[in-house]
Amino acid sequence: MKAIILLAGYATRMYPLTENQPKALLPIKGKPVIDYIIEQINRIPAIDTIYAVTNSRFYPHFSAWAKTAPTAIPIEVLDDGTTSNDNRLGAIGDIYFTIQQKAIEDELFIVAGDNLFTYDLKEQYDLYLAKNCDTIAGKELDNIEMLKSFAVAKLDQHGKVLDLVEKPQQPESNIAIYATYFYKKETAALFKQYLEEGNNPDPPGGFPQWLHKIRDIYAYKMNGDCYDIGTIEMYEAMK
């Protein structure tokens with residue numbers, strides 16, 4: 001299994017704090033956000049390589065970080081060649097870029113590099129193994145306005161995804177989906193098809209929204225929290 005950490009965003013909403021520093025390297029309680037993700041990845045025995053995909057501006061930052069990252073799993077930092085929000089590839093574009101660059105034909109773990117989560121990632125991985133299906137991470141949210149900023153999933157009684165909508169104006173469920181995914185080997189080959197059909201290359205939730213119509217997906221309901229460090233206010237509250 002290969003891990004892909006999505007780190008190519010420019011975090012413009014957090015300027016000037018992130019103008020010359022990627023938000024995944026901002027410290028929270030004494031260590032960078034990305035180190036918390038690495039600690040969780042270390043709990044997944046199947047992962048043998050970590051690909052950290054970033055942009056040209058922050059490639060030097062993550063290359064320096066990778067030399068002392070808290071893991072024995074090999075880390076390779078990839079530069080997607082973009083320089084601003086105007087020419088960025090988007091989250092799904094970066095996933096496909098990584099798959100192409102490294103000729104990946106393997107299972108995938110994919111996570112947004114600005115997510116700070118407190119649940120045990122191995123629990124999601126165990127569900128992935130038990131169901132033998134692609135698996136996404138969800139959490140019950142009762143705040144309708146918050147739900148509108150997430151992908152929202154409707155599930156059956158066994159956790160199988162029946163419907164998934166990215167940022168719905170009228171959410172039909174209270175299950176918010178976060179950018180933490182386990183995908184089967186055969187699913188990795190479908191990112192090319194998704195993009196060739198002209199689907200949105202940016203929100204990572206767009207891919208499972210498309211995928212669930214052709215393949216079974218199950219949702220892991222997290223026993224904990226997940227925070228998207230997307231604003232200065234959120235960062236200040238967390239650090």
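Reply: Helices (H or I, at least four residues) and strands (E, at least two) are DSSP runs, numbered from the N terminus. This is a predicted model, where local features need pLDDT of at least 70, side-chain atom pairs count only at pLDDT 80 or more, and totals for chains, interfaces and linings use all residues. Residues are numbered from 1 along each chain as its sequence is written, and side-chain values use heavy atoms, with hydrogens and water left out.

Start at Leu 141. The loop that holds Leu 141 runs between strand E8 (134-140) and helix H5 (144-147). Leu 141 counts as buried, because its relative accessibility is 10%. Buried means under 20% relative accessible area, exposed over 50%, and partly exposed in between (1.4 Å probe, protein chains only).

What does Leu 141 contact, leaving aside its neighbours within four places in sequence? The partners are Met 146, Leu 147, Phe 150, Asn 174, Ala 176 and Tyr 178. Contact means heavy atoms within 4.5 Å.

Now step back to E8. Six of its seven residues are buried, so E8 is largely enclosed by the rest of the structure. E8 pairs with strand E12 (residues 217-221) in the parallel sense, over five bridges. Two strands pair if DSSP finds at least two bridges between them.

A nonpolar core is a set of buried Ala, Val, Leu, Ile, Met, Phe, Trp, Tyr and Cys residues joined through side-chain atoms within 4.5 Å. This core has 39 residues, and Phe 109 is one of those that touch the most other members. Beyond its neighbours within four places in sequence, Phe 109 contacts residues including Ile 41, Ile 47, Leu 121, Thr 180, Tyr 181 and Phe 182. Another core, of 34 residues, lies apart from it and includes Leu 6, Ala 91, Ile 92 and Tyr 96.

E11 also gives the most to the lining of the largest pocket, with four residues. That pocket has a volume of about 1,400 Å³. On a 1 Å grid over the protein atoms alone, a pocket is an open set of points where a 1.4 Å probe fits, with protein on both sides within 12 Å along at least five of seven lines; lining residues have an atom within 4 Å of a point. Grid points are joined across faces, edges and corners, and a volume is the space filled by probe spheres set on the points. Of the 48 lining residues, those closest to the centre are Arg 13, Lys 23, Asp 114, Pro 204 and Asp 228. How far is Pro 204 from Leu 141? They are 63 residues apart in sequence and 19 Å apart in space, C-alpha to C-alpha.
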